[in-house]
Amino acid sequence: MIEEPFRFVEAIANRREYIESQLATGSPIVALDYADGVLLFTVGRERQKLFEIYDRIALGAIGHPGDIERLRMTAIELASTEGFTRSAGDVSLRRMANYSLSPALKAAFEQVYGPPYLARLLFIELGAAPGQNTFLRVDYDGAIQSNGTSFSPSRLSYAVLSGTRPSTEAMETMLARRGDARASLQEALRVALEAWSLGFCMLDEEKVPENLPNPEQLRETAKTQLAQASIEAAVLEAHARSHATYRVLTDPELQPLLSQLTAADKNA
Amino acid sequence: MIPPTSRLGASLAPGASAGAPPISAAIALPSTGSADAQGGDFLALLQARGLYHSAGQHFAPSSVNVSAPAAPAPFVPTQATTILAFKFAEGVLIAGDRRATAGNTIVYERADKVLEIDRHSVMAIAGVPATAWEMARVLEHSFQYYRRTQLQEMSVGGKVRALSKLLRDNFGLVMQGVGAVVPIFATYDAAADHGVTQENGARAHDPNSGRLYFYDVMGANFEVADFAATGSGSPAVRGVLYYEDTWGAKPLLAYARDEALTLALKALDTAADADSATGGVDRHGRIFPIIKIITRAGIETIADETLARLFREHRRATGGSLSGGSASNR
């Protein structure tokens, strides 16, 4: 198979199609800047999708739980051993993704006799100053997309992860229109839920709406989904008391968002 | 092109515990699989990578016998410092002076012997700083690594045991006359805090949710209900704390924050009066002890200004010089 170029390309294409179909149902993940760091947000039913990797690095992932677990463990081990042998300041998301994860994912993807990783990862690293946060998406084939280089004057203040391209693009377009990267946590949560709802609507390729759903429809989607699933949200806090900045949001912090949904319903 | 190995410190080959040799360095991700067997054990990970050697590994009993001198070196405790900790109404207070000594020489007047390990845990050390700080670093990473990989906080019992193990591993060096460490470990068991109902009916946190342990050099841990002290100045401190707890106006557990801070300052100052290895409260150099308070909300380091104010207020109240004893040369 490998010795014939065409068959190699065909095999890779088949493999890509297979993995994409496996990832296509993944519930979207939204990450965006807010006044005191970065918010990570998703809605899920059965398993945890947001994880702490190191003091300033978090991970959101969709895909097969076994593969996510291997990659998550790898990332934690790389960061922890580097942070221990040198210092926490030497742990860098960019190095981890570029030099360790990406080559390994690409190799696993292209070795057509072995199993690929069925996973798509979104890493977030809290920067030294507001607007310096890094969002970095690593795909199953090792491709990396990030929100700009370290010297970029205009870094994006958000990133999304979703099962399909239309869903990803719709969410990115919506978040790009959002002006304020210094919003309060509650405002960021509201934006995140709206973006998630849009991403979720666009997932099903058979039923992609012709026009983008309006806010009212998005609210309906959110309500229907939240009736059977729950919000998972965490923050990387710029002003955390300890070195570890990752914190899972508590119920009282999520309550205003849920009350807002039902209140809007009563007014209507 | 630079091969993608060892760019992040860690090797890309699987850890020793993973067993099978890597097919190709480029595709083998580290660990993957070994981590399950390790169950979030950071020390095992370091050992698998060759990044950590406990002192005990180098001292098999036979080799000690062969190389042991005819008369074993006398064991000299070198915990020249004062560390104290006690439970009070809000949680646990833990304090240490800031002097580091080598024999009769003062090497450093701003040493930090009260080290934060995680959001609710503090380790305070008397003994050899090199060993103690390394232990603190290992502990900090162990707890974080466990939480991150296992997706749950390590239990208080597990944390206490982790420090025991480090002390035990270090014992080979201690027997050779170096590296003795006698720590106090304080933490707040948020999981066990179910709250209590106060006299006025309001709900409050359970003051007993603070946890306090002291250790010996071999790693035995002792949980204490009220207070603990270690280091060369500890006899004086133990006297002060016992007296206040038993014969004072109220037990330490009923102390409010400022009262607890004042008592810690008084106790350290008392210890420093007779113990040359304890820095105490140096009013001239404006060097104050490190005092940390562990409550349900986390760890708080008390600002020097607060300590200075309490110290000043107290001195006025007693109307005398706190530098006290007639033999004092400060």
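**Where chain A meets chain B**

Start with Asp55(A) and Arg148(B): their side chains pair up in a salt bridge, with N and O 2.9 Å apart. This is a predicted model, so treat that distance as a computed value from predicted coordinates. The pair is one of four salt bridges counted between chain A and chain B.

Another salt bridge to look up links Arg49(B) with Glu77(A), where the closest N and O atoms sit 3.1 Å apart. Why does this pair join two chains? Arg49(B) lies in the loop between helix H2 (42-48) and helix H3 (61-67) of chain B, while Glu77(A) belongs to helix H2 of chain A, so the bridge runs from one chain to the other. If you search the whole structure, you get 33 salt bridges over all chains.

Now zoom out to the interface itself. The size of an interface is often given as the accessible area lost when the parts come together. Here chain A and chain B bury about 3,200 Å² between them, and 59% of that is on carbon and sulfur atoms. Glu77(A) turns up again: together with Phe84(A) and Arg241(A), Glu77(A) supplies 24% of the area that chain A buries against chain B, more than any other three residues. In terms of residues, the contact takes 38 from chain A and 34 from chain B.

Polar contacts come next. Across the interface of chain A and chain B there are 14 residue pairs in polar contact, with both partners at pLDDT 80 or more. On the side of chain A that touches chain B, the elements giving two or more residues are strand E3 (50-54), helix H2 (65-85), helix H3 (93-110) and strand E10 (246-248). Which of them gives the most? That would be H2(A), with 14 residues. By class, this side of chain A splits into 17 nonpolar, 11 polar and 10 charged residues.

Stay with H2(A) and look at how H2(A) packs against H3(A). Their axes come within 11 Å and cross at roughly 145°, and the crossing is right-handed. From H2(A), the contact uses Leu71(A), Thr74(A), Ala75(A), Leu78(A), Ala79(A) and Glu82(A), and from H3(A) it uses Arg95(A), Met96(A), Ser100(A), Leu101(A) and Leu105(A). That makes seven nonpolar, two polar and two charged residues.

The crossing of H7(B) and H8(B) is right-handed. Ala236(B), Val237(B), Val240(B), Leu241(B) and Glu244(B) of H7(B) meet Leu263(B), Ala267(B), Thr270(B) and Ala271(B) of H8(B). The tally for this contact is seven nonpolar residues, one polar and one charged.

Definitions and conventions:
Residues numbered from 1 in each chain as written. Chains lettered and ligands numbered in written order. Predicted model: local features only at pLDDT ≥ 70, side-chain atom pairs only at ≥ 80, totals over all residues. Heavy atoms only, no water. Contact = heavy atoms within 4.5 Å. Buried area = accessible area lost by both parts, 1.4 Å probe. Polar contact = N/O pair within 3.5 Å; in protein donor to acceptor, adjacent residues only side chain to side chain. Helix = DSSP H or I, 4+ residues; strand = E, 2+ residues; numbered from the N terminus. Nonpolar A, V, L, I, M, F, W, Y, C, P; charged D, E, K, R; others polar. Axes fitted to C-alpha atoms, helices over the stretch in contact; angles between N-to-C directions. Left-handed = near helix turned anticlockwise from the far one by under 90°.
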